[in-house]
Amino acid sequence: MTQLKIFSHESPTKSISQSSKNNLKSDPMPSKKPTVLDLFCGCGGFSLGFQQAGFEIIAGIDNDKEALFTLEKNFKDTHSLNIDLSKQSWLDGLLSNIGKKQIDIIIAGPPCQGFSLTGPRNFDDPRNSLYLAVLSAVQYFKPTAFIIENVKGMKGLYNGAIVSEICSRIRKLKYNPNASLLNASNYGVPQFRDRFFIVGLAEELGYFTFPKPTHSQETYVSCEAAIGDLPSREYSLGEEKDVYDEVVLSEFQKKIKGSQKHLFNHVATNHKDFVKEVISMVPEGGNYKDLPPGIGESRKFNEAWTRYHSKKPSRTIDTGHRNHFHYKYNRVPTIRENARLQTFPDSFIFWGSKTVQNRLVGNAVPPMLGQALAYKIKKYLAEK
Ligand SMILES: C[S@@+](CC[C@H](N)C(=O)[O-])C[C@H]1O[C@@H](n2cnc3c(N)ncnc32)[C@H](O)[C@@H]1O
């Protein structure tokens, strides 16, 4: 039997039977849409951008069951798979669920905690297993392209040695790597959010060129344009399934609200009076430095007590650290406000506790940024 070599963090020559290799001809109902596999999918922010650009999301893999619950609710035709990608057997788990499928694109947002490069070329350290899982998926499925997304800091880790090692492994797989730092605000996202992307493109297609920015300082989508229509939640916290205020909508608001009738995930946090008082002292666009001496002393770091500016994109949405406040109201943004600043449409509903919802929203690739990359990838698929 022909054996296919595949990357593995334990044995670089682990073999997988060729008989289980993906094969388009054996798919009884091949999809016309290009297909995507999402590794470390979270609730599916990155996937959503691809879906909006006309891709079919075959499967999303994560080991956070709460993230997968929200994925499942919002992607009815996608396999939502609870698999630990640090385990060598993860690919068997995937194949037993999706069968033989052509995967055109792999997208992946592995967490970068615990990266290690302890000796020369010591990338096979188990702590890097999550990256190695992405490379083994590429080796197995041979997609036309793949995208690895990470935080900005990844670029400089070990003085760039991690990224250059990943790129060298990508080349060995016969893909051309290209990397870039993108800021979401430059692609119509009402948020300053830097993310580092590595795109591997099948060798014969050359090097991927990143999409050109569509927005700049003069045309950024502001917080007000993104969330200004949502009910204030100053006098009542709101209900899980609620009603919209009838107000004139911005272009962004029209698009993100779509035909949604009920407003979900827009329940305000019940702050203590003294917290509201401190927040009220922070001017629009200000932070802890604007507080009088002796107030807000417990939190003094760049992001602390930051109030968004109505006329600018928001700061980077985090996983719920409660450092950022609405540009006008004396409270932290609701899940829906943060979801909008991340460009999730209002029809995308987040499930689980508020802590979970914050984590899912904050971890996501803004769908609109994903979409910009997806459209660019589509051009390469057409060329193929
Ligand atoms: C930055 S988030 C990805 C967000 C996602 N790309 C999106 O756009 O919504 C990273 C994800 O990796 C998942 N993860 C971390 N370790 C994992 C592992 N060993 N196996 C599978 N998933 C893992 C986390 O649960 C988390 O959802």
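Helix contacts and pockets

Tutor: Start with a contact (heavy atoms within 4.5 Å): W90, L91, L94, L95 and I98 of α3 meet A133, S136, A137, Y140 and F141 of α4. By class, this contact of α3 with α4 has nine nonpolar residues, one polar and no charged. Here Ala, Val, Leu, Ile, Met, Phe, Trp, Tyr, Cys and Pro count as nonpolar, Asp, Glu, Lys and Arg as charged, and the others, Gly among them, as polar. The model is predicted, so local features need pLDDT of at least 70 and side-chain atom pairs pLDDT 80 or more, while totals for chains, interfaces and linings use all residues. Residues are numbered from 1 along each chain as its sequence is written, and side-chain values use heavy atoms, with hydrogens and water left out.

Student: At what angle do the axes of α3 and α4 cross?

Tutor: Two packed helices are described by the angle between their axes and the distance between the axes. The axes of α3 (residues 90-98) and α4 (residues 129-141) cross at roughly 50 degrees and come within 11 Å. Therefore α3 is oblique to α4, and the crossing is right-handed. Helices (H or I, at least four residues) and strands (E, at least two) are DSSP runs numbered from the N terminus; axes are lines fitted to C-alpha atoms, for helices over the stretch in contact, with angles from 0 to 180 degrees between N-to-C directions. Under 35 degrees counts as roughly parallel, over 145 as roughly antiparallel, 65 to 115 as roughly perpendicular and the rest as oblique. A crossing is right-handed if the near helix is turned clockwise from the far one by less than a right angle, and left-handed if anticlockwise.

Student: How do α1 and α11 cross?

Tutor: The axes of α1 (residues 45-52) and α11 (residues 367-383) come within 7 Å, crossing at roughly 50 degrees. For that reason α1 is oblique to α11. This crossing, too, is right-handed. On the α1 side the contact involves G45, F46, L48, G49, F50 and Q52, and on the α11 side P367, G370, Q371, L373, A374 and Y375. Seven of these residues are nonpolar, five are polar and none is charged.

Student: What is the angle between α2 and α10?

Tutor: Helix α2 (residues 65-74) packs with α10 at about 75 degrees, the axes being 10 Å apart. That angle makes α2 roughly perpendicular to α10. E66, A67 and T70 of α2 face V356, R359 and L360 of α10 in this contact, which has three nonpolar, one polar and two charged residues.

Student: How much space lies in the largest pocket?

Tutor: Rolling a probe the size of a water molecule over the atoms shows where empty space is left. The largest pocket holds about 800 Å³. Its lining has 36 residues, with F40, G109, P110, P111 and N363 nearest the centre. Two or more lining residues come from each of β3 (35-39), α1, β7 (145-151) and α10 (354-363); α10 has the largest share, four residues. The lining has 18 nonpolar, 10 polar and eight charged residues.

A pocket is an open set of points on a 1 Å grid over the protein atoms alone, where a 1.4 Å probe fits, with protein on both sides within 12 Å along at least five of seven lines; lining residues have an atom within 4 Å of a point. Grid points are joined across faces, edges and corners, and volume is the space filled by probe spheres set on them.

Student: Which element gives the most to the lining of the second largest pocket?

Tutor: Again it is α10, with three residues. This second pocket has a volume of about 300 Å³.
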